[in-house]
Each structure stands twice: as C-alpha cells, then as structure tokens.
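Please look over the structure shown below before reading on.

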Amino acid sequence: MLAGFTKGERFSALSLATVVAIVGLFFALMGQDALLQTHGAMMAAAAACALLYLVLTYSAPEPALDRLHRYYDGPTKVGVVLAMIFAVVGFLVGDWVAWLLYNPDLTFDAGWASYGRLRPLHTSAVIFGFGGNALIATSFYILQRTSRARLADPVGAWFVLLGYNLFCAIAASGYLMGATQSKEYAEPEWYADIWLTVVWVAYLLVYLRTLARRREPHIYVSNWYYLAFILVVAVLHIVNNLAIPVSFLQSKSYSLFSGVQDAMTQWWYGHNAVGFFLTAGFLGMLYYYLPIRSGRPIFSYRLSIISFWGITFFYMWAGSHHLHYTALPQWVQTLGMTFSVMLLVPSWASATNALLTLNGAWHKVRDDATLRFITVAILFYGLSTLEGSFMSIRSVNALSHYTDWTIGHVHAGAMGWVAMIAFGAIYASVPWLWKRDSMYSTRLVEVHFWLAIAGTVIYVFAMWNSGIIQGLMWRTYTESGTLAYSFVDSLVAMKPYYAARAVGGLLFLIGGVVGLYNVWMTIRTAPKAAAEFDRPMPATPAFEPAE
Amino acid sequence: MFGLHYRLERKTIGFLLGIIGVSSIGGLIEIAPLFTIDETVEQVADMRVYTPLEQAGRDIYIREGCYGCHSQLIRTLRDEVERYGPFSLAVESKYDHPMQWGSKRTGPDLARMGGKYSDDWQRAHLINPRDVVPESNMPAYAFLQRALLRTDNLGLRLATLRQLGVPYTDEMVANAAADAQGQATPDTALAEGVRRRYGDATNISTFAGAAGKLTEMDALVAYLQILGRLTNAAHEMAAGE
C-alpha cells in the first residue's frame, strides 16, 4: 500500500475526502454555469477516487512501528512522476502555441483551441504543474533528510500533493472552457484560488510541523528558501486574487482592484511569482542537490546568508519595473528599477556561491549529465538575473517592453534555470527514491541534456533577435520625421524567428519526452526489495525538541 | 551579524517571522500609498461607465485571454503616441476590474481602438483576421458570431461591479439585460432607454449585424468600439500641451 497509513490516519483521510466530495457535489449540483458544475464534478470525482482507495485498503494491515525510523517518500515519488508528466504536457502546449503564432489557422474554428486560451494552459502547466510538483516533491524529500525527521503528517502531505494537482487540473480545464481572470500567472477563478489557499496552508503546516521534529539544531539553507517560497507565495496569491464573485454559484468574479492599483498589485505578484516560486524554491533545490551530487560542501555559509536575505528583501520591490512609462506614478517606477538593479548583488552571490562549490568537482561536471544539468542551470540563473536587472533600467525597458525580448528573457530563466535544475534534481532523486544505483539509462540523460540545451539556446537567440528587431522597428523614423514601419511590417519581420523558436521548443519537448520515458523505465525496472541506502536517521528518537 | 544568524536559523518561528517582516516592506511601501495619494488617479468629470453590452464584451475579451497578445496601455514615448494616440491616463482604466494593460504586443495596442475602424471591419476582422489583414497571425473568432450572448446574468455582474465602486445606478442594474439588447437594436424603445441611462454619446449600433439575435460578437465589437472613449481627458491633455 502506497500510503502506508495507520488506522487513525485512514480515518482522518476518509473524513477529509468525504468533506471534499460533499463540497464538490454541492457545486456540481447547485452551480449556475457549466464551469462551476464541471469543476464541482471534477472535485467530487477526485474525492470519490480517494474514498474508493481508502475504503478498499481500510482493513489492510497497519504499517510496522519501525516505519518511524524511515523517511516518508510516497508523496515525493508521485510528485516526481506528475512533474515529468506536466513537463511534457506544458512543453507540448507551449510548442503548439509557438506554431500557432507561425500558422494561426490551426484553431479548428473552436474557442478552446485559440491562442488566448491555450497560452495560460502552457504557462500554468509549466510553472504550476511542472515547477510546482517538482518543488513540492523535492521539498518533502529535502526537508526530511536535512532535518533527519520523518514527515510529520502523512495524510497532510498527500492532501497537499493531490489537492495541488486537483487545483492544476481545475485551472487547466478552466482555461480551455474560458474560466480566467486574465491576470497573468494568476488566471484561475475565485473558487480555484480558495482551494489553492487551503492546500497551501496545509503545505505550510506540514512543513512547520516536520521542522519542529528535526534532530538537527540548525535549519538547513534549502529549507530557508522553501519556507520563503511557501510563505511569500501564500501572501502574493491571496492579495492578488482578492475578488468578489458575481455569485457564489457562478464562476465569474471581478477583482477587488482596478486600473493602476490593480496593475501594481498584479506585477508585484507577477514578478515575485518569478522571485519566490521560480527562484527561491529552486534555489532551495540547488542548495541540496548541488553539494550532494558534486560531493563538495557549499562554498560559503556567509554568502548563503547574504544572498538569501538579499533576495527576500530586494525582490519584493522590483515588480514595478513592468510598468515603466505607464500611468503608474513615476516614483514607484523608479523604486522598482533601483531595487531591480540592486537585486543583481544577491542573485550573483548565489550563482557565485554555487559555481565555487563546484571547484574540485569539475571533472564530474564533464562526466555526469545530471550534475551538468545543475551546472548549466546555475549559468543560466546568472545570465537571466543579469539580463533582468539590465531590462529593468527604464531606457532599456523602453525598447524591450511589449516585445519578444521579454519572452526570450523569461524562457532563458524558465528553460535554462528552472527546468534544468528541476531535471537535475529529478535525475538525482529518482534512483535514490526507488533504491537503485543509477537511472535506467545514463545515455538517455545525456541525450536529454543536449536536446534541452540546444532547444534553449535556439529559443532564446530567436527571441532576442525578434524582440530587438521589433522594438527597433516600432521606433524607427524616416528622414521626414514619420514612423518608418507599420505594425504589420514588424509582424512580417518576426516570421522566421517564430519558426526558429518553435523548432527550439520542439527539441526541448523531445528532451522532456526522453526524460519521462527514462524516469518511467527506471521505476518499472527497479528491484522490488533492495538494500536501504539513505541518509541515516538517529537510531533512537530524540524526544527533546531541537531547541 | 553572522553570529546572530547562527542563532536565528535554529528557531523555526523566529525565522518565519523574519521572512514575513523582510518580504513585506517593499510591497507595503510601493502599493499602499497608491490607494491613499489622491493624485494617483486623475479626477475627470466626463468619465462614463461601460454599458451592460460593453461590459459583457469586456468579459469575453477577458475570457478569450486577449491580453496575451494585446496591450491596452500607450506609454509616454513619442513613437507610441504617434502610432496609437495620446498616452494612457490612470483614470481611463479606473473602472477596469481587472485592468488589461497587458505585457506583450504580438498584435497592436488596443487602448484607443474605439472608433478607429467601422463595426463591419471589426466583425470581418474577428471572423477571419486574414480577410482584412493578410499578414495577421491572430486566431479567427468566428465562433463568437454563433454564440448567443447570455444576458440574464448581466444585472448581477453590474451589481457586483457597483459593490467594487463602479457608479452604476439601481436603474442601470435593473435594466441591464434589456439595455444590452437595446444597444444593439437602434431606433427602438429599448435603445432609447440605453440612451437615457448612459448618455447621448452611447454607441448604439447593430454591431455584428445579425438582426434579432444578440451574439457574443455584438458584445465584443461594442467593447472594442468603446476602448479609449470612456473619457476625453487624454485627448484634452494632449491638445493642451
């Protein structure tokens, strides 16, 4: 039995699933539009599956008491597989919409297939589906090892993982049916937002309760970042999604803020979603997998401290650089720009700390594709943070804003940093989780690495070119002082770059498919009973709190 | 300092409070004053609200995710003002819950799209953009022409927006569904009601042109035709300079 619940845990899981099923049924039956009915039914169906599983295994023998001396990795295992599945789905939809921009007639005369509805599906599947599952899975893994403590609440951990994926499923299906707030990266409607808030609070509680059980006096750096990720994302999510539903039985809502205040709140959210979801969380991953995989200790404890607090403080000011030359008051724009430039210091402190950690292990980078994924991620992290600070400067932003340069920048971060570090972490963890020496095929890891890096480089170069050409064409004047190009002229000039971008994305997608296959085969061919090799927990539980 | 941290990182709750404190400063200083400083949003006398049909169109614009390719904010840069019109003022999106300023121009900015093209052009363009702009890479929205507009929920939607501070009157909320119909059927009693409640400048037209039935295409065209025309303040400001 995957969950390994005790009788008491089975009972609380049953109660929880029953409550979720009732809430789902309520919306399925009482909802006044198709969206709320469908999503209520999805919620009820998910809870019914959980109920069925719990009922069927209710009388299974209880797990032995010695489980308390082992880590609890069920949610991590499922989370890793879900992350890989979402990666493939997200890359597939991303590449599809890339081709849509090249050939817009692929929409089958249907609303769900139009660019506007598929684009949030791509961003959410990659950020929340792939990134979020990778973060939750690795955070549970790392939290236990660095605290030398078993997860505090197995039911809670499953609730977090499965509840989060229910949120992803509701969000994704909602976009296709037209449920969106049209707030970038915060598209899901009010009921999905409330559900995510519940899940997220449970996540924080599981995290804190496990930390409270730790048998290490110090909280390890990775956990600082995961904590910042959980806490700040909670605040961002709640504030930016404040809205009044038209009715509690209808899916539509209107956001609490409007106009300029909404714009500022949105980009405070949007930029810090990058800062705390796509940066802080993944830095937590880096601080664990880099030293373990390279066999080298983190270069500097003090640099870790400086970069952690620097990122936590500076990031939160940077959002307004998305609103240069707009109706946002100039003083806010200037503050945003200033802090964005200063943000380079803690960002490069992290990157430097990580690169110097590799000193003495560079031969491993040459030989080990998993470690190379992590190393390349550090390089792209350094590159994107430099580029980000540069693009936040007002006069640079005048050219880059609204163009494909932004898209190139985001993908240098998302493909080069986020996906690479996540793949590195997954390739490192999967053999550990399924008690094997290595992945099913190290050659395929190598293949994935080169596909990923080729795809990223092609993508980013294409978007740099198209973005800068676009920006320059929009502001080019003829000698007589009139605009030289119509908007359509700039669109025509983009065509070859859009094709190149879609090819780059395709390579990245193929890499993801290779990765999913490799992970799947590693799990399938894993030995049934293998020797335990894991970071040890103390043999006798220490009952005094760790101070 | 590092000694202090050495102790702090042994306390879960202390560390948690530290993160909350350090991370909240930036947002508080940048966002909170926007709600209290009066100059943030200009005061203009002629600012009007969206009619029910225009708001329904706006809801469709949001549903279809148009912000992915179109901005609604003209920056204070010479080339943008010459290409799109006077730069956007804060007041112009005062009633936009949420704003649709956007972040990407795969297609052109739409902040001053209203009145730039005829209703017929807008409809033809939405049905198949490449019929009127051969180079366009915008998806076709022909399905909007086939979808009847749901008007029964418009009263509730206007009432919700009123709760958020948009100055709809009781009469506007009560007549929302009829007014949506009326704005698309010129020279009828319904149309007269729209004019009375929303002013003589209201754009009353057959929009998508299909007589008798009100489609989502009507609503979206009505919305596109009001973009940038809720107030004349931006034009007056540009003329005054």
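## A salt bridge between the chains

In this predicted model, the side chains of Lys252(A) and Asp59(B) meet in a salt bridge, with 3.6 Å from N to O. Side chains of opposite charge can pair when their charged atoms come close. Between chain A and chain B the count is five salt bridges, and the pair of Asp59(B) and Lys252(A) is one such salt bridge.

## The interface of chain A and chain B

How many residues does the contact take from chain A and from chain B? Chain A gives 100 residues to the contact, and chain B gives 84 residues. The size of an interface is often given as the accessible area lost when the parts come together. For chain A and chain B the buried area is about 8200 Å², and carbon and sulfur atoms give 63% of that area. Of the area that chain A buries against chain B, 10% is supplied by Tyr254(A), Trp309(A) and Tyr402(A), which is more than any other three residues supply.

Polar contacts also cross this interface, where 35 residue pairs are found with both residues at pLDDT 80 or more. On the side of chain A that touches chain B, the largest share comes from helix H8 of chain A (residues 259-294), which gives 10 residues. Divided by class, the residues on that side of chain A are 56 nonpolar, 29 polar and 15 charged.

## The second largest pocket

The second largest pocket has a volume of about 740 Å³, and 36 residues line this pocket. Which residues lie nearest the centre of the second largest pocket? They are His70(B), Gly107(B), Pro108(B), His125(B) and Met138(B).

Both chains have elements that give two or more residues to the lining of this pocket: helix H4 (115-147) and helix H17 (487-524) from chain A, together with helix H4 (78-84), helix H5 (119-127) and helix H12 (216-226) from chain B. The largest share of the lining, four residues, comes from H5(B). By class, the lining of the second largest pocket divides into 21 nonpolar, 11 polar and four charged residues.

## Salt bridges over all chains

Over all chains the count comes to 31 salt bridges. One of them joins Arg119(A) and Glu184(A), whose closest N and O atoms are 3.0 Å apart. This pair links distant parts of the chain, since Arg119(A) is in helix H4 of chain A while Glu184(A) is in the loop between helix H5 (154-177) and helix H6 (190-212) of chain A, 65 residues apart.

## Cavities

The whole structure holds seven cavities of 30 Å³ or more. The second largest cavity has a volume of about 210 Å³, and of the 17 residues that line this cavity, Glu92(B), Ser93(B), Asp96(B), Ala111(B) and Gly228(B) are the closest to its centre. The lining of the second largest cavity has eight nonpolar, five polar and four charged residues.

## Backbone features

Most residues other than glycine have a negative phi, and most peptide bonds are trans. Is the peptide bond from His97(B) to Pro98(B) cis or trans? The bond is cis, with omega near -5 degrees, and Pro98(B) has its place in the loop between H4 and H5 of chain B.

In chain A, Tyr325(A) has a phi near 60 degrees, which is a positive value in a residue other than glycine. Tyr325(A) is placed in the loop between helix H9 (301-314) and helix H10 (330-342) of chain A.

Notes:
Residues are numbered from 1 along each chain as its sequence is written. Chains are lettered from A and ligands numbered from 1 in the order in which they are written. This is a predicted model: local features need pLDDT of at least 70, side-chain atom pairs count only at pLDDT 80 or more; totals for chains, interfaces and linings use all residues. Side-chain values use heavy atoms; hydrogens and water are left out. Contact means heavy atoms within 4.5 Å. Buried area is the accessible area (1.4 Å probe) that two parts lose on being put together, summed over both. A salt bridge is a side-chain nitrogen of Lys or Arg within 4 Å of a carboxyl oxygen of Asp or Glu. A polar contact is a pair of N or O atoms within 3.5 Å; within protein, one must be able to donate a hydrogen and the other to accept it, and residues adjacent in sequence count only if both atoms are side-chain atoms. Ala, Val, Leu, Ile, Met, Phe, Trp, Tyr, Cys and Pro count as nonpolar, Asp, Glu, Lys and Arg as charged, and the others, Gly among them, as polar. On a 1 Å grid over the protein atoms alone, a cavity is a set of points where a 1.4 Å probe fits but cannot get out, and a pocket is an open set with protein on both sides within 12 Å along at least five of seven lines; lining residues have an atom within 4 Å of a point. Grid points are joined across faces, edges and corners, and a volume is the space filled by probe spheres set on the points.
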